[in-house]
Amino acid sequence: MARELTYPDLLESNSFLRNLSDTTYWLCITRTVQESKLFPMNPYMLLSYLNSFYRLPTLLREIDAVTPAQELGDRARETSFKVDTVNAAWGMPTFYLLGREMLLGWGLIRPQDAVEDVVDVLDFSRRFNLAYHRNDGHISNKEFGDRSQFLPERTLDGFRDQLIGVAGGDRLHTATVKLLAQLSQYAFLAHCECRIGIHNSGPYNWGGNRQLLVRDFFDLAEGDFPWLDGIAVGLPHNNLTIPIVFKDTNFRLVDDWASFEADPSYDPDNIAAVGMYTSDALTDGYVPVGMDNAEVLAETMEDYREILVEATANLWKRISSWSREQMIDAGALVYSSVGKDFAHLAGTYRQSDWFELDERAQRFKVLMNDEFARDYLAEMVGLLGLPQQKANPYTMARYSGLNQNMISSIPYSVLADHDYAPTVGSELKGWSSLDPKSALWTTSAGRIEIDEYNTRASEFTPTMHDPKYRYLDDEWVKWNHSSDLASELYRLGRPGNPGQEKR
């Protein structure tokens, strides 16, 4: 059914769009060049933007009808999912808008075309962001001064009680440092040499000149990525969360790409305490992993590292046999599927939705040589040299000071003249050059088929999502901390709550 566009719709959409545009420009100009010695990154990035443009509106509408975006934000805020800052909060709407910008630059659409799609994607993303960032009250890390503090106090209280202290050079400290290094290497490779499988949030004040940084690693075992079938099969968890307390370290920046900067710089010798948890669409918050004591946790980390060392080697061998087209397809699908865990949470996940390149995007693959992709991407997100990115000569953009914007706004004229194409359509057809997925999905309920995963997810309600607790935020706790309900909230809302089984 067609959406009836209103003035507030466009005001809110253009405001959020400009927020994403400014933030993305800052992220791009303060980072190194996006290149890889293995993967054709620039070609796969451009192709992913087009795939997002053609597919995302239809997929998000289906998800939103089952589980509204703000409820998904509430779910993601209580634990670690791949719908996080870098993936869903920033990446998903920005990749979509960059696909639109490409087609605008090529003269294939007008800024008023697909306007209902644009409004719906931005509305979904904005509602998710507002709920996800409910505790800090900002819509992005950039708006919050590059901080990412979405966890409620009760979760942090649980971490404070459960994290295990380390001393430099002891077994747990050594196991932590080595596992983090291996996780980073493996997750980077599994995600086609991009950062999407790694997330950092915080910092949280831990007192005594200490700060907490929460580190997440996603899609580690057999799951959505078809190229991970038969890889890391011994790893019992698809996602791992490792909260780390640092001494004498100030994390002055955690941006919307989940990158951090610290004074002094990140130093493993300053790790003072650590823990390990897992979570997915079927867990009731964070589930402790190997947290019985320091020796058990160290042994668990050592075992996981051994599994990942072998998995990394095997994955290198697999990827080394890929053609250029397979590398481009895999990278494009990693990027364009950043919103896929919304479908897992809603129980609407289909492999073909997220791991096929739309036939409309496929038409542009012939353009994606390294030179064109590198230069076009640089013009679009760095130099802002595309004609449609020019603003009037009197304006000065937030970070560049130039009369140029990365992302083009929706013209308000559509409210008067109704001269627009509303949508790209809802029929999804596509394919990829990659081998199809054949293995099961690794979940907290074991290795299961996707139909069972969807059924379990659609029927599952986490404790903190019950109406009794859902709106009891930290502001309510401040005024009701002595109540029985507050005590119950903190008892049930901590990691490893009484309804969970330790894993």
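Predicted model: local features only at pLDDT ≥ 70, side-chain atom pairs only at ≥ 80, totals over all residues.

User: By class, how many nonpolar, polar and charged residues does the lining of the second largest pocket have?

Analyst: The lining of the second largest pocket has four nonpolar, three polar and four charged residues, and the pocket itself holds about 230 Å³ of space. Its lining is made up of N135, Q149, L151, E153, L156, D157, R160, Y204, N205, W206 and D474.

User: Which elements each supply at least two residues of that lining?

Analyst: These are α6 (153-162) and β2 (198-205), and the largest share, four residues, comes from α6. Elsewhere, the charged end of K142 sits over the ring of W26, 3.1 Å from its centre.

User: How should I read a pair of aromatic rings?

Analyst: In general, such a pair is described by the distance of the centres and the angle of the planes. In this structure the count comes to 30 aromatic pairs. One of them joins F225 and F355, with 5.7 Å from centre to centre and 70° between the planes, an edge-to-face arrangement.

User: Where do F225 and F355 lie?

Analyst: F225 is in the loop between β3 (210-217) and β4 (240-247), while F355 is in the loop between α11 (351-354) and β10 (357-358), so the pair ties together parts that are 130 residues apart in sequence. F225 is buried, at 1% relative accessibility, and F355 is likewise buried, at 7%. The pair of F246 and F251 is edge-to-face because the ring centres are 5.2 Å apart and the planes stand at 70°; F246 has a relative accessible area of 0% and is buried, as is F251, also with 0%. Ring pairs also link a cluster that includes F225, F355, W227, W257 and W322.

User: Is T312 buried or exposed?

Analyst: Since buried means under 20% relative accessible area, T312, with 4%, is buried. T312 is placed in helix α8 (residues 294-320), and, leaving aside neighbours within four places in sequence, T312 is in contact with Q182, Q185, Y186 and L189.

Note on methods: Residues numbered from 1 in each chain as written. Heavy atoms only, no water. Buried < 20%, exposed > 50% of the residue type's maximum accessible area, 1.4 Å probe, protein only. Contact = heavy atoms within 4.5 Å. Phe/Tyr/Trp six-rings, centres within 6.5 Å; stacked < 30°, edge-to-face > 60°. Lys NZ or Arg CZ within 6 Å of the ring centre and 35° of its normal. 1 Å grid on protein atoms, 1.4 Å probe; cavity = no way out; pocket = protein on both sides within 12 Å on 5 of 7 lines; lining within 4 Å. Points joined across faces, edges and corners; volume = space filled by probe spheres on them. Nonpolar A, V, L, I, M, F, W, Y, C, P; charged D, E, K, R; others polar.
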